[in-house]
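Hi everyone, thanks for coming.

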Amino acid sequence: MGNEQRRFGMLALLLALALALAACGQPAPGTGGGTTGGGTTGTTPAPSGEPIKIGAIFDLTGATADVGTPYSKGQIAYIDWRNANGGVAGRPLQLISQDYAYEVPRAEELYTQFVTQDKVVVFSGWGTGDTEALKGRISEDQIPFISASYSAELADPAKTPYNFLVAPTYSDQMIIAMKWALEDWKAKGNTGAPKFAYLFNDSPFGRSPLADGTAFAQANGVETPLEVPSPRGATDLTPQLTQIRDFGANYVFLQNVSTPAALAVKNAKSLGLDIQFICLNWCANELLIKLAGADAEGVVGAIPFDPAAEGAKVALEFAKEKGIDYGGADSTFVQGWTAMSILVSGIEKTLAEGKELTGENIKNALETMGAIDTGGVTQPVVFSATDHAGAKSLRMFRVENGKWVAITDFISAR
């Protein structure tokens, strides 16, 4: 069956289910965070029966807690919103979660506890190091797993059959950012090739896209980019920026979270460096602007989740209604909400088809879902039995007058 046929078939299924659930006062299924209705109904019967258990680990106190906290609040808010709107097939969702402080051994301990003792049916993960460390056990346990890591190592179902990615891989994000940089270089009337550098989190997360980015750069006539790790907990990145200045980099790609990225931007301003910074997902957010202030002006970002999209309104309005404080990090909050909504859509489709909630059935449901519409927050997310990289493109944004403003249409790495 072709993609169009599958999408049409899924749309027909969703419409039928939506009409059926609407009669019961429940939200439409499988449409991500974007088109599932707004606010709480106030008249929807409370869910009952056996809870559907979802495991999650969050970084609330570790090296990536600045973005881990608003992401977790988005995930928790989605569960609360869903239960306030009747749950899934009338059953409540139960989120079983703990802070793992970005420590891989703690992630492995909590995963074992949630899977073997609490009997969760799906799992929401966080970091690249822990998700890659768990991938073998995830496959063995048959636990559908959506992580906040977009490592390309997790996108091939032939190797990691139960991992699903809801945003372009870090490698694709890097290549898209480099494509924009090459066009920007030409548009400014420059000749020859620009020079690239990476300033990255010194971890599996930070290093994840470097090899693929370097291969793309070299294939396009760019000198091998300079690799500069950013030490954990650094309070001054002047030595790293001096190294980048001496290399002569024109574009610096930041694969890090918001706090160290903002420090780099501020330090560069103090040094008077004329460099274009480009953030990938985890620093291209409102928190970077909040921390870097006026120095963030002109920073460019590869943003997979657009909080200004129509589909984000449900999440943001629910947060406002409930007084949820996520530090103004709209895009990160919406990102957590959207990822959880897609994970739950696999549960929902499985139950709608009258099947038992096993990992294999939920995995098959996600792979046959067709295009999952997030209301413009992302491009439609599509999984298949041979490809778990659900999104392939994103738009580039730039900080203008204290806000992220889209400067391109959707760009694909391929």
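This is a predicted model: local features need pLDDT of at least 70, side-chain atom pairs count only at pLDDT 80 or more; totals for chains, interfaces and linings use all residues.

Residues are numbered from 1 along each chain as its sequence is written, and side-chain values use heavy atoms, with hydrogens and water left out.

Okay, cores. In soluble globular proteins, nonpolar side chains tend to be buried together. When I say nonpolar core, I mean a set of buried Ala, Val, Leu, Ile, Met, Phe, Trp, Tyr and Cys residues joined through side-chain atoms within 4.5 Å. Buried is under 20% relative accessible area, exposed is over 50%, and partly exposed is in between, with a 1.4 Å probe and protein chains only.

So which residues have the most contacts inside the largest core? They're Ile54, Phe123, Trp282 and Ile347, in a core of 69 residues. The element that gives the most to this core is helix α12, residues 330-352, with nine residues. By the way, helices (H or I, at least four residues) and strands (E, at least two) are DSSP runs, numbered from the N terminus. Another core, of 32 residues, lies apart from that one, and Leu263, Ala296, Val299 and Val399 are among its members.

Let's zoom in on tryptophan 282. Contact here means heavy atoms within 4.5 Å. If we skip neighbours within four places in sequence, tryptophan 282 has contacts including Val67, Tyr71, Trp126, Phe205 and Gln335.

Next, helix pairs. Two packed helices are described by the angle between their axes and the distance between the axes. Axes are lines fitted to C-alpha atoms, for helices over the stretch in contact, and angles run from 0 to 180 degrees between N-to-C directions. Under 35 degrees is roughly parallel, over 145 roughly antiparallel, 65 to 115 roughly perpendicular, and the rest oblique.

Take α5 (residues 170-187) and α7 (residues 210-219): their axes come within 8 Å and cross at roughly 30 degrees. That's why α5 and α7 count as roughly parallel to each other. On the α5 side, the contact includes Met174 and Met178, and on the α7 side it includes Phe216 and Ala217.

Now α11 (residues 313-322) and α12. Their axes come within 9 Å and cross at roughly 110 degrees, so α11 is roughly perpendicular to α12. Among the residues that meet there are Leu316 and Phe318 in α11, and Phe333 and Trp337 in α12.

Last bit: single residues. Is glycine 127 buried or exposed? Buried, at 5% relative accessibility. Glycine 127 sits in the loop between β3 (122-124) and α4 (128-141), and beyond four places in sequence it touches Tyr100, Tyr102, Ser147 and Ser149.

Most residues other than glycine have a negative phi, and most peptide bonds are trans. Alanine 101, though, has a positive phi of about 55 degrees. Look for alanine 101 in the loop between β2 (93-99) and α3 (104-117); at 23% relative accessibility, it counts as partly exposed. Asparagine 401 also has a positive phi, near 55 degrees. You'll find asparagine 401 in the loop between β11 (393-400) and β12 (403-406), and it is exposed, with a relative accessible area of 74%.

That's me done, thanks!
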